[in-house]
Each structure stands twice: as C-alpha cells, then as structure tokens.
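I opened my notebook to record what I looked up in this structure. The entries follow in the order I made them.

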Amino acid sequence: MKKIVIAIDGFSSCGKSTMAKDLAREVGYIYIDSGAMYRAVTLYSMENGIFNGDVIDTEKLRNEIKNIHISFRLNPETGRPDTYLNGVNVENRIRTMEVSSKVSPISALDFVREAMVAQQQAMGKEKGIVMDGRDIGTTVFPDAELKIFVTATPEIRAQRRYDELKAKGQEASFDEILENVKQRDYIDQNRDVSPLRKADDALLLDNTDLTIEQQKGWLFEHFNKVN
Ligand code: C5P
C-alpha cells in the first residue's frame, strides 16, 4: 500500500490529536502533533526571559530559535509520543493553562513559523505521516493526499478540555478554558502568517454531535477511499 501524507487541521481542543493518533497507530504511520512544537517554543520563551505574558522579546527569540530543538519519542508507558525540548521531556509542562494562554502570540511570529514549518516538512519527507495543527493542509503539506478540517462549537471543545484536565487531576475552570479557546480561535484565524483556515480541498468534519467511534468510522472511510 502506498504511503501518503494526512493533514488534520482545525480549532483548539476539537479532538484532532485523538483522531490523528488513533489513525496513525492503526495504519502504522508516524504521528506528529505540530501544536506541541509551538507549545515547546512558548515554554522555552517563558523559561528564558523572552515572554512574560505581556511583551515578547522578539530579537532574543529570533537569535535563539536555531537553538530550540524539538523532537518526539515514544513513551512506552502511554504508547504515545512525548515532546522533548533540547533533549528534555516537557510533555506535561507544555499542556498547562499557562502555556495555552501564551502560545498563540508566539506562534503568530513569522520566524517561529518558518523554523517550525521547515522541521515539520523534514519530518514528512518520507510520507507515511499524520500531522495535526492549524496550517498543515494549507502551508506545511499543501499536496497532502488526505486533508481534514475539524470543527465543533467552542462550548463543546471547552467541555472536552475541562474533562481532560480533570481526568489528569489538574485544576481547571470551565469559564477560563472557554475564554482561552475563544481567544486562541481569534488569534489563530486573524494572524498575518498562515492563519487558521480550511484548505479548499480539505474535507470538513463537524464533530459536535459525534461519538469517538462515529468519528473513527468517518475517518477510516475517507482513508480507505484515498488508499
Ligand atoms: O494544537 P494545540 O491546541 O496544542 O496548539 C496550540 C497552539 O499552537 C494553537 O492555538 C496555535 O496558536 C498554535 N499552532 C499553530 N500552528 C499549528 C499548530 C498549532 O499556530 N500548526
């Protein structure tokens, strides 16, 4: 069976990564969470005096971006890839509300996107990859054989994120999460470089009222059509 590139884009917390991970596992493809890469750059910026939440020291980040190396390694306990920043496992630290609230301004910077897109394209050179994000079908892999754009109402997305954090035992406020989801949607859709939008040739999936199983069925149906 020929290997293809699968691009899954969409809004924050709409279940893209669950979909992408499941599909990659079932078909034996590599899974890359491109949002984790922007989160790792944000964590780096927070920990190195570049971004305190108000002002970004863009010159410092521009100089240091070449020293920010992001990679993924399979965690044998979870069976899922963990994110490494300069060789250190940052998987848990990049998923906090603090990082979520700071990531969109960092990922709106053109030189940050250039660096990440180059790394993402290198990861997909051999195909056999499922990547999820905001600009995968439009910018990173415009020739991807299968493109999906996922959406759901902000309320349902906030509820899913709330349940996820609670399940991990983390403190969470539904209102704060809903606010964050809406704010990220706004910044991601309105930035100058690679704004979040559906590629013309992407399939639209609104999963507001779908169960995980129904969504899986939909996904496999479309995967089998292009293979
Ligand atoms: O996917 P996730 O919600 O973890 O992504 C975090 C943030 O990273 C997004 O809100 C967006 O600002 C940014 N992002 C991006 N381009 C991507 C993936 C994520 O700008 N391809």
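**Entry 1: a pair of strands.** I began with strand β3 (residues 70–75) and strand β4 (residues 80–85), which pair in the antiparallel sense over six bridges. The model I am reading is a predicted one. I looked up Arg73 and found its bridge partner in β4 to be Asp82. β3 and β4 form a hairpin, with four residues between them. I checked Gly79 in the turn, and its phi is positive, about 75°.

**Entry 2: the open sheet.** Next I traced the open sheet, which five strands form. I wrote down their order as β2-β6-β1-β7-β8, with parallel pairing. Which strands stand at the edges? They are β2 (30–33) and β8 (203–206). Each has a single partner strand, so one side of each is left without a neighbour in the sheet. I noted that the twist averages 20° from one strand to the next.

Entry 3: I then followed strand β7 (residues 146–151) to β8. They pair in the parallel sense over four bridges. For Ile148, the bridge partner in β8 is Leu203.

**Entry 4: a helix across the strands.** I turned to helix α1 (residues 16–27). Helix α1 lies across β1 (5–10), β2, β6 (129–133) and β7. I recorded its direction against β6 as about 175°.

**Entry 5: two helices.** I moved on to helix α2 (residues 34–47) and helix α5 (residues 110–123). Their axes come within 11 Å and cross at roughly 140°. The crossing of α2 and α5 is right-handed.

I listed the residues that make the contact. From α2 they are Ser34, Met37, Tyr38 and Val41. From α5 they are Val112, Met116, Gln119 and Gln120. I sorted the residues of this contact into five nonpolar, three polar and no charged.

**Entry 6: a single residue.** Last, I looked up Gln183, which is found in helix α8 (residues 174–190). How many C-beta neighbours does Gln183 have inside 10 Å? I read off 14, so Gln183 counts as partly exposed. A buried residue would need 20 or more, and an exposed one 12 or fewer. I also compared Gln183 with Pro76. They are 107 residues apart in sequence. In space they are 35 Å apart, C-alpha to C-alpha.

Terms used: Residues numbered from 1 in each chain as written. Predicted model: local features only at pLDDT ≥ 70, side-chain atom pairs only at ≥ 80, totals over all residues. Axes fitted to C-alpha atoms, helices over the stretch in contact; angles between N-to-C directions. Left-handed = near helix turned anticlockwise from the far one by under 90°. Contact = placed C-beta atoms within 7 Å. Nonpolar A, V, L, I, M, F, W, Y, C, P; charged D, E, K, R; others polar. Pairing = 2+ DSSP bridges.
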